[in-house]
Amino acid sequence: MRRENGIGQHPATIIVDVANVMGSRPDGWWRDRAAAAARLHAEITALAAEGTAGGPPVLPGETGPPQFVMVLEGAARPAAGRIGPADRVRVVQADGSGDDAIVALVRELPGPRFVVTADRELRRRCEAAGATVLGPGWLLGLVRRGDRR
């Protein structure tokens, strides 16, 4: 009954492997990884805002808008200084391995968790921890959908 009436439900969380998603599109991200991460954040923020404004559901089977967590690592970490606060989009700076930070988030967060990555080993680890894994093309398709409006 709790599922049917929404009491006690946690929103779905989409955890984004920023390095992997950035690397999946040839937009010059390698010249300035922090700027590319900031651009991706702006796109995800717009997608999150669309979901809270009653736009089409981002995730199949989920009625409410999801939370987003972007995991920054390596040369993309300085993007955190370029990114302002955004409703429904949290930024995590990995102290070490971004993959380890993502798996830790999957284990810690309540509710349905979805990880966006194409990394096979990370996929295996996240699925073992209880997450559903979606490819970067899925997320970029949603971002492009918003661009056409």
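Leaving aside its neighbours within four places in sequence, with which residues is F68 in contact? In this predicted model, F68 is in contact (heavy atoms within 4.5 Å) with I14, I44, L47, A48, V58, R88, V89, R90 and L139.

## Basis of the description

The model is predicted, so that local features need pLDDT of at least 70 and side-chain atom pairs count only at pLDDT 80 or more, while totals for chains, interfaces and linings use all residues. Residues are numbered from 1 along each chain as its sequence is written, and side-chain values use heavy atoms, with hydrogens and water left out.

β1 is joined to β2 by 5 bridges, with T13 opposite Q67 in β2, and to β4 by 4 bridges, with I15 opposite V115 in β4. From β4, R113 and V115 point one way and F114 and V116 the other way, and all are buried, where buried means under 20% relative accessible area, exposed over 50% and partly exposed in between, with a 1.4 Å probe and protein chains only. Between β4 and β5 there are 3 bridges, and F114 stands opposite T132 in β5.

## Nonpolar cores

A nonpolar core is a set of buried Ala, Val, Leu, Ile, Met, Phe, Trp, Tyr and Cys residues joined through side-chain atoms within 4.5 Å. The largest one has 31 residues, of which V16 and F68 touch the most other members. Among the elements that each supply at least two residues of this core are β1 (13-17), β2 (67-72) and α6 (136-147), while α3 gives the most, with 8 residues; helices are DSSP runs of H or I with at least four residues. A second, separate core of 17 residues includes V71, C126, A129 and V133.

## The aromatic pair

The structure holds 1 aromatic pair, counted when ring centres of Phe, Tyr and Trp (its six-membered ring) lie within 6.5 Å, with planes under 30 degrees apart called stacked, over 60 edge-to-face and the rest tilted. W29 and W30 form this edge-to-face pair, at 5.7 Å centre to centre and 80 degrees between the planes. W29 is buried at 17% relative accessible area, whereas W30, at 47%, counts as partly exposed.

Note on methods. Two strands pair if DSSP finds at least two bridges between them.
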